[in-house]
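Trainee: I am new to this structure. Please take one part and walk me through it closely.

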Amino acid sequence: MRCFLALLPLIGLLTFGAPSSAAEPLPQPKGAVILTVTGRIEQTNAPGQARFDRDMLEALGKASFVTGSEVSEKPQLFEGVPLRAVLERVGAHGTVIKASALNDYAAPIPFEDLRFEPILAMKVDGQVLTVRDKGPLWVVYPRDAHEVLHDVRYYARSVWQLNRLHVE
Ligand SMILES: Nc1nc2c(c(=O)[nH]1)N[C@H]1C(S)=C(S)[C@@H](COP(=O)(O)O)O[C@H]1N2
Ligand SMILES: [Mo]
């Protein structure tokens, strides 16, 4: 058991899908729009906006890790799309991303946080996140892989029910 616990940070290493290019025009969403990106972006599919449905986000690449969170000390498997991949796809340039939720909670995420490879989680322990349990998207940092992330600053940036990103 002790051995297994010692391995958890390793299991938590990120896995990445293929990077996608920001050069291709962004297609129109076919399903429900779950994320809208605005601000300093090069790619749009609506006036001033890059709108994504679930399939479009999944196509940007996958990342996953196991970590405890504010919600559950028991480590859980978080699966989603790297925040970095979303920002690259829309050609985002700036210093801070304002991440906003359905309930109008918002938190600024500095671009430098990308070094931790936070994800927009769509599944926890294999279950698709619904609005009822912090979905459709949840900003999750690989907390257990970096001691520095055990800090209220990063907890506050772990926006659940995320539906908007504004690049400044
Ligand atoms: N949508 C949304 N996300 C949010 C918050 C919120 O109020 N609404 N609070 C933040 C803060 S301040 C913290 S400390 C963590 C706490 O997560 P918890 O409320 O699930 O414990 O979520 C963050 N994400
Ligand atoms: Mo908080």
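**A close look at glutamine 76**

Mentor: Start with the contacts of glutamine 76. Setting aside neighbours within four places in sequence, glutamine 76 touches Phe65, Val66, Thr67, Ser69, Val124 and Asp125. Keep in mind that this is a predicted model. Where does glutamine 76 sit? Its place is in strand β4, which covers residues 76-82. Is glutamine 76 buried or exposed? Its relative accessibility is 15%. Buried means under 20%, so glutamine 76 counts as buried.

Now the setting. The protein has 168 residues, and buried ones make up 46% of them. It holds 4 helices and 10 strands. From the N terminus, the order is α-β-β-α-β-β-α-β-β-β-β-β-α-β. Take the contacts in the protein with a separation of 6 or more: 62% of them join residues 24 or more positions apart. The accessible surface comes to about 8800 Å², and carbon and sulfur atoms account for 57% of that.

Last, the ligand. The residues around ligand 1 include Glu70, Val71, Asn103 and Tyr155. The shell divides into 7 nonpolar, 2 polar and 2 charged residues. Lysine 134 places a polar side-chain atom 2.7 Å from an oxygen atom of ligand 1. Serine 158 has a backbone N or O atom 3.0 Å from a nitrogen atom of the ligand. A polar backbone atom of tryptophan 160 lies 2.7 Å from a nitrogen atom of ligand 1. On its own, ligand 1 has 510 Å² of accessible area, and the protein covers 69% of it.

Terms used
Residues numbered from 1 in each chain as written. Chains lettered and ligands numbered in written order. Predicted model: local features only at pLDDT ≥ 70, side-chain atom pairs only at ≥ 80, totals over all residues. Heavy atoms only, no water. Near = heavy atom within 4 Å. Polar contact = N/O pair within 3.5 Å; in protein donor to acceptor, adjacent residues only side chain to side chain. Areas by Shrake-Rupley, 256 points an atom, 1.4 Å probe, with all protein chains shown as cover. Nonpolar A, V, L, I, M, F, W, Y, C, P; charged D, E, K, R; others polar. Helix = DSSP H or I, 4+ residues; strand = E, 2+ residues; numbered from the N terminus. Buried < 20%, exposed > 50% of the residue type's maximum accessible area, 1.4 Å probe, protein only. Contact = heavy atoms within 4.5 Å.
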